[in-house]
Amino acid sequence: LGLVYEVAVSETGDVKVRMTVTAPACPVAGELPQWAADAIERIEGTGEIEVLLVWDPPWCADNLSMEVKLQLGLL
């Protein structure tokens with residue numbers, strides 16, 4: 001969906017993620033960063049995990065992958 005803008009992994013396994021949601025009023029905006037952190041935590045060798053919810057740049061449909069656009073019938 002193009003929600004993840006950046007993933008950085010340090011040599012020690014620390015993970016920092018910058019992501020967004022489709023709209024500020026998204027009903028899962030408060031939970032999604034923790035869901036992402038929980039998923040990352042399952043990967044062996046990860047250290048400290050930081051998931052930042054960002055609003056800049058704002059999400060737009062251009063962020064969708066070609067595969068998702070096809071699945072949604074947008075092409």
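**Exercise 1. Locate Leu52 and state whether it is buried or exposed, or in between.**

*Solution.* Leu52 lies in strand S3, where a strand is a DSSP run of E with at least two residues, a helix is a run of H or I with at least four, and both are numbered from the N terminus. The model is predicted, so local features need pLDDT of at least 70, side-chain atom pairs count only at pLDDT 80 or more, and totals for chains, interfaces and linings use all residues. Residues are numbered from 1 along each chain as its sequence is written, and side-chain values use heavy atoms, with hydrogens and water left out.

Leu52 has 28% relative accessibility and therefore counts as partly exposed; buried means under 20% relative accessible area, exposed over 50%, and partly exposed in between, with a 1.4 Å probe and protein chains only.

**Exercise 2. Identify the residues that Leu52 contacts beyond its sequence neighbours.**

*Solution.* Contact requires heavy atoms within 4.5 Å. With neighbours within four places in sequence set aside, the partners of Leu52 are Lys16, Val17, Arg18 and Met19. As for Val21, its C-alpha is 11 Å from that of Leu52, at a sequence separation of 31 residues.

**Exercise 3. Determine which residues of H1 are buried and how they are arranged around the axis.**

*Solution.* First, list them: Leu32, Pro33, Ala36, Ala37 and Ile40 are the buried residues of H1. Second, consider their directions: they lie on the same side of H1 because they cover an arc of only 140 degrees around the axis, the arc being that of the directions from the helix axis to the C-beta atoms. Third, consider the cover: S2 and strand S3 (49–53) are included in what covers these residues.

**Exercise 4. Describe the largest nonpolar core and name the element with the largest share.**

*Solution.* A nonpolar core is a set of buried Ala, Val, Leu, Ile, Met, Phe, Trp, Tyr and Cys residues joined through side-chain atoms within 4.5 Å. The largest one has twelve residues, among them Leu3, Val15, Cys26, Ala29 and Val51. Strand S2 (15–19) and helix H1 (32–41) each contribute at least two residues to this core. H1 provides the largest share, four residues.

One member, Leu3, is in contact with Arg18, Met19, Thr20, Val21, Thr22, Leu32 and Trp59, again leaving aside neighbours within four places in sequence.
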